[in-house]
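Here are my notes for a colleague who is opening this entry for the first time. Please read the numbered points with the structure in view.

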Amino acid sequence: MADLSQNTSGPAPKANGLSLGRLKTPWTVSVLILIAVAILDPGNFQAVITFAGAALAHTGQYILFAVLLLSYLKATGAETMVARAFVGRETRMIFLAALFGGLAPFCSCEVIPFIAGLLALGAPLSAVMAFWLASPLIDPPTLLITAGALGWDFAIGKAIIAVALGLTGGFFIKTLMGHGAFANPLKQAQSCSSCCSSGPKLDDKPHWKFWQEPARRAKFREEFVSNGLFLLKWLALAYVLEAILVNYVPADLIAQAVGGEGVLPIAIAALVGMPAYLNSYVAPPLLAGLMEQGMTAGAAMAFMVAGAVSSIPAMAAVWSLVKPQVFATYLGLGVSGAIVSGILFQLI
């Protein structure tokens with residue numbers, strides 16, 4: 001569940017308004033990189049531009065569909081369906097939380113009151129952890145962009161891993177709580193900014209024919225523009241960086257670090273992915289370039305999974321609500337899950 005308006009370092013979750021500063025920065029970095037290439041290596045400038053432009057054009061169809069889908073989900077109020085997944089028996093809640101974690105059209109700041117509201121309604125920590133682990137890993141835009149950059153095997157694999165990691169984390173927490181752990185997992189109530197003032201409303205119903213209501217039509221337009229600009233600016237930067245990577249970073253250097261067989265390259269990729277991760281939209285193009293240079297498929301998957309779980313919005317949402325031991329468990333599950341996921345994906 002990636003944040004299209006606020007996430008500049010990891011998954012997380014959807015557009016919530018667009019400030020001029022946020023819009024300018026990726027464009028500025030992209031332009032400065034291209035200017036540097038034009039000045040320092042003019043002979044390679046056309047190759048870099050051509051590579052980045054062709055890659056962005058290829059992904060454009062996925063961007064358009066992803067933005068339309070996400071705008072529709074937000075305009076219809078489909079997030080209420082996710083809230084209902086946290087009602088009923090604990091085992092059922094864990095399964096539904098893991099399944100719907102990547103489908104919720106929330107921005108990262110909206111996750112905080114959403115989860116706080118669910119916990120106030122009595123949702124168990126096990127189901128909340130399942131949602132928290134699954135939600136940063138995949139959402140409709142991430143699925144399509146990953147497919148465009150790395151292929152459908154990667155996209156589907158990441159979606160399956162998101163659900164599997166959510167289930168693993170949920171049942172792990174359930175087992176620990178059965179032995180007396182995490183009896184009081186929450187911090188004191190945290191304040192929230194005006195952009196995320198409401199939690200889940202279980203009695204709300206989605207309005208699938210949103211075009212019949214002027215306010216929802218306006219919401220659709222707002223989400224389409226803000227999400228479209230956000231994805232475009234970050235993917236433009238991603239493909240410029242990929243072009244630089246392919247043209248200037250020696251393939252043997254990448255191969256030495258995260259190439260070859262075995263668990264070590266996968267573990268290294270997971271550990272590097274945590275601090276190095278940008279966001280779910282920049283990562284796939286960059287990983288495509290790294291794989292061309294020798295990175296293994298398992299290492300690439302481990303990098304994506306670890307980086308998404310450790311993104312700033314994802315971690316902030318967890319840290320803001322729960323005590324340090326719960327937060328440490330979240331990170332531990334994320335990193336270990338990334339390594340295991342990379343190993344399994346490599347074998348498959």
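1. In helix α12 of this predicted model, the buried residues are Ala283, Pro284, Pro285, Leu286, Leu287, Ala288, Gly289 and Leu290. The helix as a whole is mostly covered, with 8 of its 10 residues buried. After α12 comes Gly294, a residue whose phi is positive, near 125 degrees.

2. Leu287, one of the buried residues of α12, deserves a separate look. Leaving aside residues up to four places away in sequence, Leu287 touches Leu150, Met295, Ala300, Phe303 and Met304. Together with Met295, Leu287 has the most contacts inside the largest nonpolar core, a set of 44 residues. The elements that contribute two or more residues to this core are α6 (125-134), α8 (152-178), α11 (263-276), α12 (283-292), α13 (297-309) and α15 (324-347). Among these elements, α13 gives the most, with 10 residues.

3. For orientation, the protein as a whole contains 15 helices and 0 strands. It has 348 residues, of which 53% count as buried. Among contacts with a separation of 6 or more, 82% are accounted for by residues 24 or more positions apart. The accessible surface comes to about 14600 Å², and 68% of this surface belongs to carbon and sulfur atoms.

4. The aromatic residues come next. How many aromatic pairs does a search of the whole structure find? The search finds 7 of them. A pair of aromatic rings is described by the distance of the centres and the angle of the planes. For Tyr72 and Phe210 the centres are 5.7 Å apart and the planes stand at 70 degrees, so this pair is edge-to-face. The two residues are 138 residues apart and the pair links distant parts of the chain, with Tyr72 in helix α2 (residues 45-76) and Phe210 in the loop between α8 and α9 (214-248). Tyr72 is partly exposed, at a relative accessible area of 26%, whereas Phe210 counts as buried at 9% relative accessibility.

5. Another ring pair is formed by Phe220 and Phe224, whose centres lie 6.4 Å apart with planes at 15 degrees, so the arrangement is stacked. Both residues belong to helix α9, where a spacing of 4 residues separates them by about one helical turn. Is Phe220 buried or partly exposed, and which description applies to Phe224? Phe220 counts as buried because its relative accessibility of 18% is under the 20% cut-off. Phe224, at 30% relative accessibility, counts as partly exposed. Ring pairs link Phe220 and Phe224 with Tyr72, Trp208, Phe210 and Trp211 into a cluster.

6. The structure holds 2 salt bridges. One joins the side chains of Lys219 and Glu223 at 3.1 Å, N to O. These two residues both lie in helix α9, 4 residues apart, which is about one turn of the helix. Lys219 is partly exposed, with a relative accessible area of 28%, while Glu223 counts as buried at 1% relative accessibility. The salt bridge between Glu213 and Arg216 has its closest N and O atoms 3.2 Å apart. Glu213 counts as partly exposed, at 29% relative accessibility.

7. A final point concerns the surface. Which residues make a nonpolar surface patch of about 530 Å²? The patch is made by Val31, Leu32, Ile35, Ile39 and Leu40. Leu40 is found in helix α1 (residues 20-40). Leu40 counts as exposed, because its relative accessibility of 72% is over the 50% cut-off.

How values were computed. Residues numbered from 1 in each chain as written. Predicted model: local features only at pLDDT ≥ 70, side-chain atom pairs only at ≥ 80, totals over all residues. Heavy atoms only, no water. Core = buried A, V, L, I, M, F, W, Y, C linked by side-chain atoms within 4.5 Å. Buried < 20%, exposed > 50% of the residue type's maximum accessible area, 1.4 Å probe, protein only. Contact = heavy atoms within 4.5 Å. Phe/Tyr/Trp six-rings, centres within 6.5 Å; stacked < 30°, edge-to-face > 60°. Patch = residues over 30% accessible without salt bridge, like charges linked within 9 Å, V, L, I, M, F, W, Y side chains within 5 Å. Areas by Shrake-Rupley, 256 points an atom, 1.4 Å probe, with all protein chains shown as cover. Salt bridge = Lys/Arg side-chain N within 4 Å of Asp/Glu carboxyl O.
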